[in-house]
Amino acid sequence: MRSAQQILADSAVIAVVGASRDPRKAAHSVPAQMQRYGWRIIPVNPTADELFGERVYRSLAEIPHPVDLVDVFRPAHDAVDVVREAVAIGAPAVWLQLGIVSPEARRIATEAGIDYVEDRCLIVERAAGGLTRLG
């Protein structure tokens, strides 16, 4: 299993499930900041058409290209289905944002052999590791 910082260092494309249009929410500000540091953000939200200058997909299955990491901004009870979808599309890693913990989601990811992080924030880990995809 890779560390949280190693997952970020290895990832270029991050699908964000639960990405928000509301700039006051972490589900908007966190992916926006990751994008500023060079990651490609693919938003997944059933009610938006475009976020962060990218097309929004209704589900992970609709994304027409591989993703390196699935970042989850959904309640823990929704995370189980999101992890199942991530496994189905062949994502190598899943990340549940700060405050989201799911033993069942962890079990599914572990059994599928994919990296799993929970209750951690992308931007905190990015800053702690001094990570960027720019230049």
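A pocket is here an open set of grid points with protein on both sides within 12 Å along at least five of seven lines, and its lining residues have an atom within 4 Å of a point. In this predicted model, the largest pocket is lined by 18 residues. Val17, Gly18, Val44, Pro46 and Arg74 are the lining residues that lie nearest its centre. The space in the largest pocket comes to about 310 Å³.

Five strands form an open sheet with parallel pairing, in the order 2-1-5-6-7. Strand 2 and strand 7 stand at the edges with a single partner strand each, so one side of each is left without a neighbour in the sheet. From one strand to the next, the twist averages 20 degrees. Strands of a sheet pair through backbone hydrogen bonds, in either a parallel or an antiparallel sense.

Ile14 stands opposite Ile41 in strand 2 and opposite Leu69 in strand 5. The bridge partner of Ala15 in strand 5 is Val70, and Val70 in turn has Val94 as its bridge partner in strand 6. Strand 5 and strand 6 (residues 93-96) run parallel and are joined by three bridges.

How are the side chains of these strands arranged? In a regular strand, side chains alternate between the two faces of the sheet. In strand 1, Val13, Ala15 and Val17 point one way, while Ile14 and Val16 point the other way. Five of the five residues of strand 1 are buried, so this strand is largely enclosed by the rest of the structure. Strand 5 (residues 69-72) has Leu69 and Asp71 pointing one way and Val70 and Val72 the other, and all of these are buried too.

The buried residues of helix 2 are Ala27, His28, Val30, Pro31, Ala32, Gln33 and Met34. The elements that cover them include helix 1 (4-10), strand 1 (13-17), strand 2 (40-44) and helix 5. Helix 2 (residues 26-36) packs with helix 5 (residues 122-129) at an angle of about 35 degrees, and their axes are 9 Å apart. In this contact, Val30, Gln33 and Met34 of helix 2 meet Leu122, Ile123 and Arg126 of helix 5. The contact residues divide into four nonpolar, one polar and one charged. Gly38, which follows helix 2, has a positive phi, near 105 degrees.

Most residues other than glycine have a negative phi. Phe52 has a positive phi near 55 degrees and lies in the loop between strand 3 (50-51) and strand 4. Phe52 has a relative accessible area of 14% and is buried, because the cut-off for buried is under 20%. Asp119, likewise not a glycine, has a positive phi of about 55 degrees; its place is the loop between strand 7 (115-117) and helix 5. Asp119 is partly exposed, at 35% relative accessibility.

Strand 4 (residues 54-55) contains Glu54. Is this charged residue buried or exposed? At 16% relative accessibility, Glu54 counts as buried. Leaving aside neighbours within four places in sequence, the contacts of Glu54 are with Gln35, Arg40, Ile41, Ile42, Pro43 and Asp49. Among these, Arg40 is 14 residues away in sequence, and the C-alpha atoms of Glu54 and Arg40 are 8.9 Å apart. Ile41, another of the contacts of Glu54, is the strand 2 residue that stands opposite Ile14.

How values were computed:
Residues are numbered from 1 along each chain as its sequence is written. This is a predicted model: local features need pLDDT of at least 70, side-chain atom pairs count only at pLDDT 80 or more; totals for chains, interfaces and linings use all residues. Side-chain values use heavy atoms; hydrogens and water are left out. Helices (H or I, at least four residues) and strands (E, at least two) are DSSP runs, numbered from the N terminus. Buried means under 20% relative accessible area, exposed over 50%, partly exposed in between (1.4 Å probe, protein chains only). Contact means heavy atoms within 4.5 Å. On a 1 Å grid over the protein atoms alone, a cavity is a set of points where a 1.4 Å probe fits but cannot get out, and a pocket is an open set with protein on both sides within 12 Å along at least five of seven lines; lining residues have an atom within 4 Å of a point. Grid points are joined across faces, edges and corners, and a volume is the space filled by probe spheres set on the points. Axes are lines fitted to C-alpha atoms, for helices over the stretch in contact, and angles run from 0 to 180 degrees between N-to-C directions. Ala, Val, Leu, Ile, Met, Phe, Trp, Tyr, Cys and Pro count as nonpolar, Asp, Glu, Lys and Arg as charged, and the others, Gly among them, as polar. Two strands pair if DSSP finds at least two bridges between them.
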